[in-house]
Amino acid sequence: MNIPTNNPQTSLQSAGIHKDIWFSGNEYEHYSQFIQKKNAAVLARLHKSSQRLNTIFELGCGTGNLTEEILLSCETNHIDALDISNDMISIAKSKSALNSVKFFCTPFLDFIPTIKYSAIFSNAAFHWLYPMYLESLIKMESMLLDNGLVYIATAGENLNSLAFDAWIDERLHNAFASHEYQPFASRRLDIAQFESMVASTPFILQDAFILERWAKIKISHYVEWFISSGALWNINEHEVPELKKFLICRLSESGDGQEYISMGHWSLFAILKK
Ligand SMILES: C[S@@+](CC[C@H](N)C(=O)[O-])C[C@H]1O[C@@H](n2cnc3c(N)ncnc32)[C@H](O)[C@@H]1O
């Protein structure tokens, strides 16, 4: 893959960057406990607890999975957490553990920071900035204090992810003709791609690794997760129930979604230093 930068954007790509299509906060909060919540805990613990972080920025906080983990693992008294979605942020705001967090509901690339940060954290959100990866990293760098750190987990790629995406795409191919379905694989980065992208920024890459997880889940639950975690980024909220039924049929033999599938999940974790 060529690292995309300054490409003309299709309506589909820009939909993920500037439009809130995340209207399933409750479902996301439920289904994210199986994978994203666990990855959030891993990511927050990558920071050495002895090093105080005075100011933290979180990109794509969603319902607050990572925000909660940052508060458990890092010494800080200032977290600014940003997300494009009102629905997701309203769930994060309702959590009493996050009372001290200041939330911003705006697309990341439109956000105008007023302070510099000691660290930026982001779990499972960076890939929604596709194809503006380089611009996003450069913006992050500009938001950091000297020696500032980035702890990021984004959609990762390895041979198993390619096989799994091909399996899903084969079943969902043509299912979204009227909704511009874009295979998720285009958003994934393998370690070499990530390294070469970081090499064109002022960041030093301290570490990068892929975490692969598998979960055995019912097809109907997979579809809930698929939709609530952003897979259909060009639909309208009223179309969701019909599409859920449709996707369940495409993926299951019986059509009722009660069979299980092995769901794979690949995250590229990285630590960057300014
Ligand atoms: C898969 S969720 C991850 C949420 C959370 N970080 C977690 O660990 O569970 C991705 C989040 O990225 C947010 N997002 C997508 N595009 C965004 C953008 N352009 N600017 C800010 N947030 C964005 C979505 O609203 C969603 O809450």
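Two residues are in contact here if their C-beta atoms, placed from the backbone, lie within 7 Å. Keep that in mind as you look around this predicted model, in which local features need pLDDT of at least 70, side-chain atom pairs count only at pLDDT 80 or more, and totals for chains, interfaces and linings use all residues. Residues are numbered from 1 along each chain as its sequence is written. The chain has 10 helices and seven strands; helices (H or I, at least four residues) and strands (E, at least two) are DSSP runs, numbered from the N terminus.

**The chain as a whole**

- Of the 274 residues in the chain, 40% are buried; a residue is buried if 20 or more other C-beta atoms lie within 10 Å of its own, exposed if 12 or fewer, and partly exposed in between, with C-beta atoms placed from the backbone.
- Among contacts between residues at least 6 apart in sequence, 79% join residues at least 24 apart.

**The sheet**

- Seven strands make an open sheet with mixed pairing, and their order is β3-β2-β1-β4-β5-β7-β6. Two strands pair if DSSP finds at least two bridges between them.
- At the edges are β3 (102-105) and β6 (204-218), each of which pairs on one side only.
- From one strand to the next, the twist averages 15 degrees. Angles run from 0 to 180 degrees between N-to-C directions, and axes are lines fitted to C-alpha atoms, for helices over the stretch in contact.
- Strand β1 (residues 56-59) pairs with strand β2 (residues 79-83) in the parallel sense, over four bridges.
- Along this pairing, I56 stands opposite I79 in β2, and F57 stands opposite D80 in β2.
- Both faces of β1 are covered: I56 and E58 are buried on one side, F57 and L59 on the other.

**Helices on the sheet**

- Helix α3 (residues 36-45) packs on the sheet and touches β4 (117-123), β5 (144-155), β6 and β7 (260-273). The direction of α3 makes about 155 degrees with that of β4.
- Helix α5 (residues 86-93) lies across β2 and β3, and runs at about 170 degrees to β3.

**Where α9 meets α10**

- Helix α9 (residues 219-228) packs with helix α10 (residues 240-251) at an angle of about 130 degrees, and their axes are 9 Å apart.
- The two helices are therefore oblique to each other: angles under 35 degrees count as roughly parallel, over 145 as roughly antiparallel, 65 to 115 as roughly perpendicular and the rest as oblique.
- Their crossing is right-handed, the term for a near helix turned clockwise from the far one by less than a right angle, with left-handed meaning anticlockwise.
- From α9, I219, S220, V223, F226 and I227 meet V240, K244, L247, I248 and L251 in α10.
- By class, this contact has eight nonpolar, one polar and one charged residues. Ala, Val, Leu, Ile, Met, Phe, Trp, Tyr, Cys and Pro count as nonpolar, Asp, Glu, Lys and Arg as charged, and the others, Gly among them, as polar.

**Backbone spots to look at**

- Most residues other than glycine have a negative phi, and most peptide bonds are trans.
- The peptide bond from Y130 to P131 is cis, with omega near 5 degrees, and P131 lies in the loop between β4 and α6 (133-143).
- A124, also in the loop between β4 and α6, has a positive phi, near 60 degrees. A124 counts as buried because it has 24 C-beta neighbours inside 10 Å.
- N147, in strand β5, has a positive phi near 65 degrees. N147 counts as exposed because it has 9 C-beta neighbours inside 10 Å.
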